[in-house]
Amino acid sequence: MTDANSRRILIINGKGGCGKTTIATNLAVAYASAGRSVALVDNDPQASSSYWVEVRPESLPQVELVAAHQRTHMYQTHTFQHRLPATADRIIVDGHSNARDRDLEALLKQADVVLVPLLPSAIDIRAGGQFITTLLTHRAFRNSPRPVGVIANRVQPNTETQAKLEHFLRCLDVPAVATFRDSPVYTEAVEMGKGVVDMLDSRAARRETPAWRSLVKWIDSQPKASATTVHDLRRRPVAAAMRSRPDEANSDPQVDERPLSA
């Protein structure tokens with residue numbers, strides 16, 4: 001994918017049960033409802049995202065599945081089987097929790113933005129902190145840093161666990177980019193192949209929609225880590241390449257203020 005406007009968003013955590021698929025499917029819907037061409041890459045062996053796509057109603061904005069968790073067929077290359085749709089400009093990757101070393105490296109190299117869902121429990125906070133450290137010190141990330149954001153997921157407002165999670169997030173060098181409530185509407189949405197943005201008749205879903213709009217805005221405002229193509233390199237003056245600094249990727253970009261369509 002060489003489109004300068006495309007984004008590959010990796011959703012990953014080293015601990016299972018943190019809501020990766022819920023984040024991935026709802027983010028896919030948020031983009032699809034805004035008119036984006038969306039591909040959902042299912043890297044998780046549990047294939048939860050694949051099931052979600054199968055039951056998604058045809059009347060709703062469509063999300064194309066790439067079943068990357070499946071084994072490659074004989075005489076068929078991995079690249080060919082899991083190739084992305086040519087028209088996709090938002091690629092949401094539901095990463096698996098067992099990704100280590102080379103698997104994690106492959107996922108990071110293909111990501112423009114990394115999202116780490118985190119639950120507000122002592123065990124999840126500890127495991128999440130260890131995973132974020134692993135992520136930030138991985139050779140693929142050090143060689144090519146890209147934006148990383150933490151998502152506080154399944155949060156019950158005004159509770160002790162929420163306070164502990166907020167304290168932990170304040171101690172991180174990684175920004176907390178979204179907070180989603182512990183609401184049964186997410187379970188209902190997944191079972192129906194929907195996202196909360198689809199559920200206009202649900203009051204609980206409408207309460208969650210602004211947080212998804214904010215997350216989309218944050219993602220789209222981030223600079224692309226892998227935006228340079230071979231064509232760009234050929235056109236780029238050597239002197240300009242030498243003047244580039246690693247910290248340019250962390251400069252504050254202009255935020256796209258366009259809201260998601262209803």
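Residues are numbered from 1 along each chain as its sequence is written. Local features need pLDDT of at least 70 and side-chain atom pairs count only at pLDDT 80 or more, while totals for chains, interfaces and linings use all residues; side-chain values use heavy atoms, with hydrogens and water left out.

**Stop 1: confidence**

Colour the chain by pLDDT, the predictor's confidence in each residue, from 0 to 100. The chain averages 81, and 78% of the residues score at least 70. Confidence is highest in helix α1, at a mean of 97, and lowest in helix α11 (residues 238–243), at 33. Helices (H or I, at least four residues) and strands (E, at least two) are DSSP runs, numbered from the N terminus.

Now select residues 73–81, where the pLDDT is below 50; this stretch has seven contacts beyond near neighbours in sequence. A contact means heavy atoms within 4.5 Å. Then select residues 227–262, where pLDDT stays under 50 and the model has 23 contacts beyond four places in sequence. Where pLDDT is low, the predicted coordinates should not be read in detail.

**Stop 2: helix α4**

Select residues 101–109, which form helix α4. Which residues of α4 are buried? They are L104, E105, L107 and L108. Buried means under 20% relative accessible area, exposed over 50%, and partly exposed in between (1.4 Å probe, protein chains only). These four lie on the same side of α4 because they cover an arc of only 165° around the axis, the arc being that of the directions from the helix axis to the C-beta atoms. On the other side of α4, select R102 and K109, which are exposed.

**Stop 3: D124 in helix α5**

Stay with helix α5 and select D124. D124 has 10% relative accessibility, so D124 counts as buried. Its side chain makes a polar contact of 2.5 Å with that of S121. A polar contact is a pair of N or O atoms within 3.5 Å; within protein, one must be able to donate a hydrogen and the other to accept it, and residues adjacent in sequence count only if both atoms are side-chain atoms. Leaving aside neighbours within four places in sequence, D124 is in contact with K15, L118 and L119.

**Stop 4: salt bridges**

The structure holds ten salt bridges, each a side-chain nitrogen of Lys or Arg within 4 Å of a carboxyl oxygen of Asp or Glu.

Select D94 and K20, whose closest N and O atoms are 3.4 Å apart in a salt bridge. The pair links distant parts of the chain: D94 is in strand β4 and K20 in helix α1 (residues 20–33), 74 residues apart. D94 is buried at 0% relative accessibility, and K20 is buried at 6%.

Next, select D198 and R56, a salt bridge with its closest N and O atoms 2.9 Å apart. D198 lies in the loop between α8 (184–191) and α9 (203–221), and R56 in the loop between α2 (48–55) and β3 (63–66), 142 residues apart. D198 counts as buried at 15% relative accessibility, as does R56 at 6%.

Finish with E160 and K164, which meet in a salt bridge at 3.7 Å, N to O. Both lie in helix α7 (residues 160–171), four residues apart, about one turn of the helix. E160 is exposed at 59%, and K164 is partly exposed at 48%.
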